[in-house]
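The following report examines one protein chain, moving from a single residue to the elements around it.

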Amino acid sequence: MRSSLAWHPEPGGFCSSRGSLQDSYSFPVFPSPCRNLGKSGLRVSCLGLGECRAAVPGGSRVAEQLMTIAYESGVNLFDTAEVYAAGKAEVILGNILRKKGWRRSSLVITTKLYWGGKAETERGLSRKHIIEEIVRAMTHVINQGMAMYWGTSRWSAMEIMEAYSVARQFNMIPPVCEQAEYHLFQREKVEVQLPELYHKIGVGAMTWSPLACGIISGKYGNGVPESSRAALKCYQWLKEKIVSEEGRKQQGKLKDLSPIAERLGCTLPQLAVAWCLRNEGVSSVLLGSSNPEQLIENLGAIQASPVLPKMTSHIVNEMDNILGNKPYGKKDYRS
C-alpha cells in the first residue's frame, strides 16, 4: 500500500551533546554522519530509527530506550506512521520528546499518511483525509507550517515523476524523497529506478528493512526459532517466506557472506547495514530494532571501528558474486 510522508524538522544544526543514557547500556558515542535528503537542503543522519514499539508489552519503555540510544549516538531522524499501533506510536514518540526535552531544532521527525482509521473518510489520501489530491494537500500542509518537506513511500518511479510534473505545472511543492525497501535481496528499485529520479528531479532515497524483517540477522540459518518474530501467528507470512525454497537459498547465501563479515571484523547485520549505506544515493537507512542490544549492534556499522569505510569496490564485488542479483540500468550511478 502506498503512502505519503511529511517531514517535521525545524531550522538548526544537530548537536550531539545529550543527557545520560540508561545505566544498563553504555557504549562509546560517535556522531552518525549526515547526508542531504535527495537534492534538498535537509541534512539527515545516515541511520534513522523507525517502527516505534508502541504495540508490544512495555512498548513505551522500550521505545524510550531505543530513542535515547539512537539520539545519543547522533541519530537525528525518527520515523513513524499514523497506522503504527493505531496512532499510539505517534503519541508515544511525542511524549518521549517532551519528556527528554531534546531541542526540536535538532530533530527530523517523519510520519506516513494513508491508513488513518477504519472508516472510508479516515483513510486514504483524499480531500476529506488531508485536503485534496496528494500534491496539493502536501503543498497546503507545508504552506501552513505543519511540515517543511514531503515525500512518498512505496510509490513507483512513474507515480513520483507524475507528482513532480503536477507540482511544477501548478507551481506547487514536489516530493524530495521516496521511502523504499532496500536490502541484500531487494535491489532493483533503489539501485536502478531511484538514481535516475535523483539525477532528473532530485528525489532521494530513504530506505527501510535493511535486515529484510530479520531474515538477514542470521537467526534463521537453522530454521525458525520459537522465540523469533517469524514464530508468531501474525508473522506466518514471514515464516512461509523463510522456509520456502527461495528462503533456503537466501540463507545459503548469507552463510557464504559470513566469512566476509568475519574478515571485516563485524557481524552479518552490521555488514548488511553498511552495504546499504555504501550506496551514495541512499540518504538514510531506517533501523527497525526490537531491543536496545539489536540497535547498538546495528549502529556499529558506522561507529567505533566502522564497517562502512571497509566497503571497498573489491568487497562489494565479492558480495555481488555471492548474491548473484546485481541489477543493471541504463547508467550505473552508484559509488
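Valine 282 has its place in strand β10; helices (H or I, at least four residues) and strands (E, at least two) are DSSP runs, numbered from the N terminus. The model is a predicted one, in which local features need pLDDT of at least 70 and side-chain atom pairs count only at pLDDT 80 or more, while totals for chains, interfaces and linings use all residues. Residues are numbered from 1 along each chain as its sequence is written, and side-chain values use heavy atoms, with hydrogens and water left out.

Is valine 282 buried or exposed? Valine 282 counts as buried because its relative accessibility is 1%; buried means under 20% relative accessible area, exposed over 50%, and partly exposed in between (1.4 Å probe, protein chains only). Leaving aside neighbours within four places in sequence, valine 282 is in contact (heavy atoms within 4.5 Å) with Arg35, Tyr182, Val190, Ala205, Thr207 and Cys276. The C-alpha atoms of valine 282 and proline 195 are separated by 9.2 Å, although these residues are 87 residues apart along the chain.

Strand β10 comprises residues 282–287 and is mostly covered, with six of its six residues buried. Two strands pair if DSSP finds at least two bridges between them.

| Strand | Bridges to β10 | Direction | Facing residues |
|---|---|---|---|
| β4 (residues 47–49) | three | parallel | leucine 49 and leucine 287 |
| β9 (residues 204–208) | four | parallel | tryptophan 208 and leucine 286 |

Helix α1 (residues 59–72) has 14 residues and reaches 20 Å from its first C-alpha to its last, close to the 20 Å expected at 1.5 Å a residue; the expected span is 1.5 Å times one less than the number of residues. Why is α1 described as largely enclosed by the rest of the structure? The reason is that twelve of its 14 residues are buried. These buried residues pack against β4, β5 (77–79), α2 (88–100) and α10 (292–299).

Serine 73 lies in the loop between α1 and β5. With a relative accessible area of 0%, serine 73 is buried. Its side chain reaches the backbone oxygen of isoleucine 69 at 2.7 Å. Glycine 74, which follows α1, has a positive phi, near 95°.

**The nonpolar cores**

A nonpolar core is a set of buried Ala, Val, Leu, Ile, Met, Phe, Trp, Tyr and Cys residues joined through side-chain atoms within 4.5 Å. The largest such core has 80 residues, of which Leu47, Phe78, Leu184, Leu271, Met311 and Met319 touch the most other members. Helix α9 (residues 268–277) gives the most to this core, with eight residues. Apart from this core lies another, of ten residues, among them Leu77, Val108, Tyr149 and Cys177. Methionine 319, leaving aside neighbours within four places in sequence, is in contact with Leu184, Leu257, Ile260, Leu271, Trp275 and Met311.

**The cysteines**

How many disulfides does the structure hold? There are zero disulfides, a disulfide being a pair of cysteine sulfur atoms within 2.5 Å. Cysteine 46 is in no disulfide, and the nearest cysteine sulfur, that of cysteine 34, is 7.6 Å away. Cysteine 46 is buried, with a relative accessible area of 1%, whereas cysteine 234 counts as exposed at 58% relative accessibility.

Definitions and conventions: A polar contact is a pair of N or O atoms within 3.5 Å; within protein, one must be able to donate a hydrogen and the other to accept it, and residues adjacent in sequence count only if both atoms are side-chain atoms.
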